[in-house]
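Hello,

Here is the structure for your files. My notes follow below it.

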Amino acid sequence: MSIIEKALKKRRVGEQSEGTENSGSIAKAMTRKVKPETAANNHVASDNDNKVAVTTLHIDTERLKKEGMVAYDDDNANAQINNEYRSIKHKILYNAFGPVSSTLKQSNMVMITSAQPIEGKTFTAINLALSVATEKDKTILLVDADVLRPNISRTLGVEETPGLIDYLLGDVSNLSDVIYPTNIPNLRILPAGSAHHLSNELLASDRMKSLTTELENRYPDRLVLFDCPPMLGVVETVTVSQLMGQAIIVVSHTTTQMSDVEQTIADLNRDLAIGFVINKALYGTHSQYGYGYDYGTKPKKV
């Protein structure tokens, strides 16, 4: 039994003792790679329709592809990681927009976190966003909510711009002014923005709650993906989980401790649908990296 299965089993036993129910499904996936821009997005209004000057963030998709990430418009490039994240995203999209979405609050709001730093959560968030961007009737907003150590802009190689913290501070009044289109159709980015010594408190603020409510309802076809700080020792991530409908926990196969997984699950909002991405797993004789996905959902109590 894996550390994830043990942790989920422990959580389920606790919930059953309280008279609640759990139901879940398990999907396996594997992952590793990325690519360039294709067809125009004809069905989604831009977040920047009312701006005089629109800043489009240019993502070097060829560089990402060479670094082994999802090739969003080419199944022949990096096929393994494309297929792995395709499997992962379908579970998330089903929970966000399918029949099960009625059992979840904020079903299209998804947080990605890990128990500890350096377990691959930002890598997972970006690859998942690139995979969702291939959908023909869905869009993706990638939010860098790891305001302590923001990494999305640097990883994507885009310029630093005002973002989440600037909006939470009130320095930017219109949320649309910090949601940027990219050269990848269907993909928008809300960067972390300026560093601030009260960044943790800002994530727990009423303005953050209002922001997530607006993002949840802004477009009915949009998945909103938050790259959050690691769970353990960061109270604000627990607070953010109260505003989400789904959570993805990235687990490093070689380093994550069982006790950390158990604590992470225990700290999360219990109404969340919780999924796991297993990172840095070894497969076969060539010690190839792989990724797995284990998804458990908890129906809302009635």
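Start with helix H3. Its buried residues are Ile81, Asn82, Glu84, Tyr85, Ile88, Lys89, Ile92, Leu93, Asn95 and Ala96. Buried means under 20% relative accessible area, with a 1.4 Å probe and protein chains only. These residues cover an arc of only 165° around the axis, so they lie on the same side of H3. The arc is taken from the directions from the helix axis to the C-beta atoms. H3 covers residues 79–97, 19 residues in total. Its first and last C-alpha are 26 Å apart, close to the 27 Å expected at 1.5 Å a residue. That expected span is 1.5 Å times one less than the number of residues. Helices (H or I, at least four residues) and strands (E, at least two) are DSSP runs, numbered from the N terminus.

A note on the basis. This is a predicted model, where local features need pLDDT of at least 70, side-chain atom pairs count only at pLDDT 80 or more, and totals for chains, interfaces and linings use all residues. Residues are numbered from 1 along each chain as its sequence is written, and side-chain values use heavy atoms, without hydrogens or water.

Now confidence. pLDDT is the predictor's confidence in each residue, from 0 to 100. The protein averages 78, and 75% of the residues score at least 70. Among its elements, strand S1 (residues 23–24) has the lowest mean, 32. Strand S3 (residues 139–144) has the highest, 98.

Last, the rings. Lys138 lies over the face of Phe97, 4.8 Å from the ring centre. The charged end of Arg207 sits over the ring of Tyr167, at 4.0 Å from its centre. Such a charge has NZ of Lys or CZ of Arg within 6 Å of the ring centre and within 35 degrees of the ring normal.

Best wishes

Note on methods: Buried < 20%, exposed > 50% of the residue type's maximum accessible area, 1.4 Å probe, protein only.
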